[in-house]
Amino acid sequence: MPELMLHKSLYDAAVVHQVARLYEGVATIAVDEDPHAVTVRFDDVDPDVADVLVDHFGNHVLVETVKQANAAEQVLMGDSR
Amino acid sequence: MSDDALQDEIAFVEDGRRVALTLDEELYPRDAILGAAYLFVDRAWVFLSRPGDRQVEVRLKPKGDTDSAALEALAGEFANELLNQVLRVRIGESTGRIREYYMARAFFSTTTQSSIDQLLAELDEEELADDDLEISVPWDTPEPAADTPDEGPAVGDEEPPRA
């Protein structure tokens, strides 16, 4: 079963949970947290996406984490772009 | 700075399928690393990890077929983009106070503007009430007193020229 460990100082833990819900259709996903990291386990993976599932999930969480950070920064700075 | 010099500063290893760069967070802020990584997600699978304190490992796995040369080039491009992002972060930090100042000024000037509007309204009522155009014209300004000691004779009081 593939597993992905995402460090909380690099990835937003809340985003990991959100993205995990999006991928429920292609795998059974369990998300565990400890003080430093979020571990994502993928079970019952759809064979069509097995090769790229973990990589795709990692990119997805990264993109959403950066978007979240930028949105927060824009709110703080009053940026209306 | 040449690519060779860059790659000497940013250590990377590749195994034929992916390339990994280990970055010191003292030199490359986390936001810069995330910003550069974000720009590579369309070309590569990107994974970030923490091999040690204040260190970030960036693993890039190209989405298509690859070889060692392409991986080295990818690492070099990432390093260059990382420098761009570091600069962006540093400029953001150095201009942060200015942005805060302008934000505060924007809020403050709303109050100031209403005060100015109020003062102008008072002036309109007191001084310019009978002036349709509300333009100050020279013929309306009061003439100085004729007996002012520092000034010359008033028009009409001059002596006629001698014949």
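In this predicted model, Tyr23(A), Phe42(A) and Phe57(A) together make up one aromatic cluster. A search of the whole structure returns five aromatic pairs over all chains. Within one of these pairs, the ring centres of Phe42(A) and Phe57(A) are 5.2 Å apart and the planes stand at 80°, so the arrangement is edge-to-face. Because Phe42(A) belongs to strand S3 (residues 37–43) of chain A and Phe57(A) to helix H2 (residues 53–77) of chain A, this pair ties together parts that are 15 residues apart in sequence. Phe42(A) and Phe57(A) are both buried.

A further edge-to-face pair is formed by Tyr101(B) and Tyr102(B), as their ring centres lie 5.5 Å apart with the planes at 75°. Of these residues, Tyr101(B) counts as partly exposed, at 46% relative accessibility, whereas Tyr102(B), with a relative accessible area of 54%, is exposed.

The largest nonpolar core comprises 49 residues, among which Phe57(A), Leu48(B), Leu60(B) and Phe78(B) touch the most other members. Helix H3 (residues 68–94) of chain B supplies the largest share of this core, namely eight residues. In soluble globular proteins, nonpolar side chains tend to be buried together. When neighbours within four places in sequence are set aside, the contacts of Phe57(A) include Leu4(A), Leu6(A), Val16(A), Val19(A), Ala20(A), Ile29(A) and Val40(A), as well as Tyr23(A) and Phe42(A), the other members of the aromatic cluster.

In chain B, a charged side chain is also placed over an aromatic ring, with Lys63(B) lying over the face of Trp45(B) at 4.5 Å from the ring centre.

Note on methods:
Residues are numbered from 1 along each chain as its sequence is written. Chains are lettered from A and ligands numbered from 1 in the order in which they are written. This is a predicted model: local features need pLDDT of at least 70, side-chain atom pairs count only at pLDDT 80 or more; totals for chains, interfaces and linings use all residues. Side-chain values use heavy atoms; hydrogens and water are left out. A nonpolar core is a set of buried Ala, Val, Leu, Ile, Met, Phe, Trp, Tyr and Cys residues joined through side-chain atoms within 4.5 Å. Buried means under 20% relative accessible area, exposed over 50%, partly exposed in between (1.4 Å probe, protein chains only). Helices (H or I, at least four residues) and strands (E, at least two) are DSSP runs, numbered from the N terminus. Contact means heavy atoms within 4.5 Å. Rings of Phe, Tyr and Trp (its six-membered ring) pair if their centres lie within 6.5 Å; planes under 30 degrees apart count as stacked, over 60 as edge-to-face and the rest as tilted. A charge sits over a ring if NZ of Lys or CZ of Arg is within 6 Å of the ring centre and within 35 degrees of the ring normal.
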